[in-house]
Amino acid sequence: MSLLKVIGIDEYSEFEYFEDFQNLIESDEEISADEIYMLLKNIDLKNFADIVRNYFDDISNHIPGESVDLYTLLSNIGNSMIGMALNCDEDSTYLLLADEIAKFRKYYLDSESSYCISLEDGSKEYINLRDALVNARGEALGGEKYEYYFDNFLSYPLEDYVMSFKDLIDIENYSEKTLDMEGDFLYDDEFKDEE
């Protein structure tokens with residue numbers, strides 16, 4: 001399946017919403033770093049950086065077990081991607097960012113490294129981080145409760161790419177412009193149909 005079909009868009013230029021990045025990161029389909037590179041070369045990277053920030057803020061708010069280490073790690077991964085996106089002034093940075101996204105997908109969808117135990121029946125299930133965060137959202141709504149064991153998720157080879165203070169200010173200022181009247185980010189697919 002092509003990358004555009006995985007994301008649910010017809011052209012690269014349509015990649016501009018939270019759900020687009022969510023589909024890119026969370027899909028079980030095989031997606032190569034080369035395909036991600038082609039996407040990055042054809043989209044607005046400042047908007048992309050803002051979407052990445054929103055996505056990592058969102059998943060970090062649902063980390064089960066209140067793992068500070070995992071929260072910090074995910075924040076650092078997101079900041080690394082944002083820093084690269086805001087500084088893609090040469091081909092090597094595009095390649096670096098594409099590789100970083102592909103690496104994160106592999107890490108995020110790895111179902112063999114960690115597990116959870118149901119507090120209801122004591123059953124053990126190996127689970128990836130994506131599904132654990134889905135479960136955690138369900139728990140907040142009264143769903144089944146689990147105990148999570150994420151020690152193996154805490155080792156992640158993070159690229160040594162740090163955002164400058166100016167980058168942080170730029171992305172913060174840009175994000176404020178994308179807020180709606182209630183202070184919520186506009187990342188609903190329904191807006192695509194209005195264009």
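Are Tyr146 and Tyr148 buried or exposed? Tyr146 is buried, and Tyr148 is buried as well. The legends below describe close-up views of a predicted model.

**View 1. Aromatic rings of Phe56 and Phe104.** The structure contains 13 aromatic pairs. In the pair shown here, the ring centres of Phe56 and Phe104 are 5.2 Å apart and the ring planes meet at 55°, so the pair is tilted. Phe56 belongs to helix α4 (residues 45-60) and Phe104 to helix α6 (residues 91-108), so that the pair links distant parts of the chain, 48 residues apart. Both Phe56 and Phe104 are buried.

**View 2. Aromatic rings of Tyr146 and Tyr148.** The centres of these two rings, Tyr146 and Tyr148, lie 6.0 Å apart, with their planes at 45°, so this pair is also tilted.

**View 3. A cluster of aromatic residues.** Ring pairs join a set of Phe and Tyr residues into a cluster. Its members are Phe15, Phe18, Phe21, Phe48, Tyr55, Phe56, Phe104, Tyr107, Tyr108 and Tyr156. Phe56 and Phe104, the pair of the opening view, are therefore part of this cluster.

**View 4. The salt bridge between Asp58 and Arg137.** Side chains of opposite charge can pair when their charged atoms come close. Across the whole structure, 5 salt bridges are found. One of them joins Asp58 to Arg137, with 2.4 Å between the closest N and O atoms. Because Asp58 lies in helix α4 and Arg137 in helix α7 (residues 129-140), the pair ties together parts that are 79 residues apart in sequence. Asp58 has a relative accessible area of 16% and is buried, whereas Arg137, at 31%, counts as partly exposed.

**View 5. The salt bridge between Glu100 and Lys103.** The side chains of Glu100 and Lys103 form a salt bridge with an N to O distance of 3.2 Å. Both residues, Glu100 and Lys103, are in helix α6, 3 residues apart, which is about one turn of the helix. Lys103 has 23% relative accessibility, so it counts as partly exposed.

View 6. Arg130 and Asp131 form a salt bridge, and their closest N and O atoms are 2.9 Å apart. Arg130 is buried at 13% relative accessibility, and Asp131 is partly exposed at 28%.

**View 7. A negative patch on the surface.** Glu120, Asp121, Glu125 and Glu144 form a negative surface patch. Among these residues, Asp121 lies in the loop between β1 (115-118) and β2 (124-126). Asp121 has 55% relative accessibility and so counts as exposed, since the cut-off for exposed is over 50%.

**View 8. Ser67 and Tyr148.** Ser67 is found in the loop between α4 and α5 (68-85). Its relative accessibility is 22%, so Ser67 counts as partly exposed. Along the chain, Ser67 and Tyr148 are 81 residues apart, while 9.7 Å separates their C-alpha atoms.

Terms used: Residues numbered from 1 in each chain as written. Predicted model: local features only at pLDDT ≥ 70, side-chain atom pairs only at ≥ 80, totals over all residues. Heavy atoms only, no water. Patch = residues over 30% accessible without salt bridge, like charges linked within 9 Å, V, L, I, M, F, W, Y side chains within 5 Å. Areas by Shrake-Rupley, 256 points an atom, 1.4 Å probe, with all protein chains shown as cover. Salt bridge = Lys/Arg side-chain N within 4 Å of Asp/Glu carboxyl O. Lys, Arg positive; Asp, Glu negative; His and termini not counted. Charge placed at Lys NZ, Arg CZ, Asp CG, Glu CD. Helix = DSSP H or I, 4+ residues; strand = E, 2+ residues; numbered from the N terminus. Buried < 20%, exposed > 50% of the residue type's maximum accessible area, 1.4 Å probe, protein only. Phe/Tyr/Trp six-rings, centres within 6.5 Å; stacked < 30°, edge-to-face > 60°.
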